[in-house]
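Open the model in a viewer and keep the sequence at hand. The stops below give a selection each time and say what is found there.

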Amino acid sequence: GLVDESASKLSYEEFARQFLSELDYTNEMQNLKAVYESSLDPNAPYMKQRVVLPQVFEELCTDQVITMSYLPGRKFEEETKRQLSLLGIDTKKSFHSIVKESSGNVTNAEEGERKDEVAISSSSPSQTLALSTKQPARMWKAKLTSIMRNVVSVDFLFSVVRFSRRIALLSQSATVKWIQLASSLSIVPVGWKTWADERQNDILQSMTLDWTEDAVHTLLDVHGYQILNQGLFNADPHPGNILVDFPTEAGKKATIGLIDYGQCKQLTPDERVKIARLILSIAEKESDEEIATKFRTLGIKTKNDSTRFLADFGRLMFGRFESKHLDHSWHKELHKEDRVLYFPKELSMVYRTALLLRGLAMSLQYNPSVGELWRDHALEAIRKHG
């Protein structure tokens with residue numbers, strides 16, 4: 001793998017410390033209180049983005065109980081699955097499956113080419129002649145599919161998924177409206193009217209799909225602020241710890257609630273500046289040498305100290321997901337290039353946070369660059385503490 005066993009052990013120890021801290025209710029209360037108070041700052045992104053945190057009532061807290069204000073709303077995970085299901089999208093499929101299906105099964109094409117080569121080498125002359133006439137077509141198909149995978153971006157594939165989703169919604173909406181109009185003239189069967197009434201409610205609910213991209217950007221923005229500006233952040237922002245409360249009035253933005261601050265990580269100003277410089281380097285698409293230098297400043301150690309390895313690893317962590325990242329041979333080459341001997345513990349939980357939020361985004365068919373979305377926060381951290 002990319003990470004050496006000894007480096008993995010250090011990361012596991014950091015994760016273990018974080019997981020054990022979740023059992024310390026006094027620590028969680030203090031974390032939540034600090035983040036809640038920072039959220040009241042009008043210059044912070046919370047109020048602007050309609051993001052709220054529960055308020056702690058210290059006088060009612062003990063080392064076994066945390067008393068806080070109630071936040072209404074559905075869990076982000078439940079709300080997302082419900083809305084995607086309304087449009088017939090299989091919520092059990094992974095991001096990788098969606099992209100692979102959209103870009104074509106390259107592996108099968110390449111496997112077919114390899115099988116032909118084996119068959120030709122072991123066949124009789126007459127069989128070889130018959131097989132060799134099929135080989136150019138297979139090779140052409142494999143090469144074309146490989147080229148398409150490299151040329152067509154993940155963003156384009158996701159946009160196709162979102163466009164198809166929107167078309168399905170509009171088509172169903174038009175059908176429902178036509179049936180409702182026709183039913184008023186008594187020219188459609190009663191069963192059709194019942195179906196349309198049931199789908200009408202679904203369509204009204206699924207209109208909230210428009211908030212997904214905005215919600216993803218909001219979550220990344222707020223957590224980028226926590227990491228780089230405040231230095232105290234929730235390292236466990238999975239969808240179960242995020243609430244969504246939709247307003248009853250049309251035109252108003254949904255409110256996002258953030259809960260469960262048991263797994264928080266505190267960064268020093270110096271650590272934040274070093275991380276900010278790495279993120280900024282990736283956001284501004286600097287050279288391999290520049291990115292690798294910023295990574296080395298954080299203290300990462302690799303077996304061969306490969307500049308290309310460090311730059312690609314950094315982009316994989318905080319950059320935009322690219323089509324080549326679906327290619328097994330790309331990862332294989334990266335593994336051959338170098339391996340991590342020591343991974344900075346202060347970066348472990350930052351990376352985990354970015355990974356969780358980007359995974360959430362990709363499940364919704366969005367491909368954000370964490371570096372680009374955290375760029376302004378990185379600049380502010382460097383300005384204040386650099």
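Start with H11 and H12: H11 passes H12 in a left-handed crossing. To display the pair in this predicted model, select residues 269-283 for helix H11 and residues 288-297 for helix H12. Their axes come within 9 Å and cross at roughly 165 degrees. Because angles over 145 degrees count as roughly antiparallel, H11 is described as roughly antiparallel to H12. Now show side chains at the contact. From H11, pick Lys274, Arg277, Leu278, Ser281 and Ile282; from H12, the residues they meet are Glu290, Ile291, Lys294, Phe295 and Thr297. Sorted by class, this contact of H11 with H12 holds 4 nonpolar, 2 polar and 4 charged residues.

Select residues 211-230, which form helix H10, together with residues 375-385, which form helix H17. The axes of H10 and H17 lie 9 Å apart, and the packing angle is about 15 degrees. H10 and H17 are therefore roughly parallel to each other. The crossing of H10 over H17 is right-handed. On the H10 side, the contact is made by Asp221, Gly224, Tyr225, Leu228 and Asn229. On the H17 side, select His377, Ala378, Glu380, Ala381 and Lys384. The residues of the contact between H10 and H17 divide into 4 nonpolar, 3 polar and 3 charged.

Zoom out for the whole chain. The protein chain has 17 helices and 8 strands. It has 386 residues, of which 44% count as buried. Take the contacts between residues at least 6 apart in sequence: 74% of them join residues at least 24 apart.

Now turn to charged pairs. How many salt bridges does a search of the whole structure find? The search finds 19.

Select Arg352 and Asp236. These two form a salt bridge, with the closest N and O atoms 3.4 Å apart. Are the two partners buried or exposed? Arg352 is buried, at a relative accessible area of 19%, where the cut-off for buried is under 20%. Asp236 is buried as well, at 8%.

Move to Glu58 and Lys33. Their side chains meet in a salt bridge at 2.6 Å, N to O. Glu58 is in the loop between strand S1 (51-52) and strand S2 (74-75), and Lys33 is in helix H2 (residues 25-39); the two are 25 residues apart. Glu58 is partly exposed at 40% relative accessibility, and Lys33 is partly exposed at 32%.

For a pair inside one helix, select Lys336 and Glu333. The N to O distance in this salt bridge is 3.9 Å. Lys336 and Glu333 are 3 residues apart in helix H14 (residues 328-337), which means that about one helical turn separates them. Lys336 counts as exposed, at 57% relative accessibility, whereas Glu333 is partly exposed at 42%.

One further selection takes in several charged residues at once: Asp288, Arg308, Asp312, Arg315 and Glu337 are linked in a network of salt bridges.

Then check the backbone at two aspartates. Most residues other than glycine have a negative phi. Select Asp260, in the loop between strand S5 (255-258) and strand S6 (264-266). Its phi is near 65 degrees, a positive value. Asp260 is partly exposed, with a relative accessible area of 25%. Asp305 is found in the loop between strand S7 (301-302) and helix H13 (307-318). The phi of Asp305 is also positive, near 50 degrees. At 44% relative accessibility, Asp305 counts as partly exposed.

Finish at Ile179, in helix H8 (residues 154-184). Ile179 is buried, at 6% relative accessibility.

Definitions and conventions: Residues are numbered from 1 along each chain as its sequence is written. This is a predicted model: local features need pLDDT of at least 70, side-chain atom pairs count only at pLDDT 80 or more; totals for chains, interfaces and linings use all residues. Side-chain values use heavy atoms; hydrogens and water are left out. Helices (H or I, at least four residues) and strands (E, at least two) are DSSP runs, numbered from the N terminus. Buried means under 20% relative accessible area, exposed over 50%, partly exposed in between (1.4 Å probe, protein chains only). Axes are lines fitted to C-alpha atoms, for helices over the stretch in contact, and angles run from 0 to 180 degrees between N-to-C directions. Angles under 35 degrees count as roughly parallel, over 145 as roughly antiparallel, 65 to 115 as roughly perpendicular and the rest as oblique. A crossing is left-handed if the near helix is turned anticlockwise from the far one by less than a right angle, and right-handed if clockwise. Contact means heavy atoms within 4.5 Å. Ala, Val, Leu, Ile, Met, Phe, Trp, Tyr, Cys and Pro count as nonpolar, Asp, Glu, Lys and Arg as charged, and the others, Gly among them, as polar. A salt bridge is a side-chain nitrogen of Lys or Arg within 4 Å of a carboxyl oxygen of Asp or Glu.
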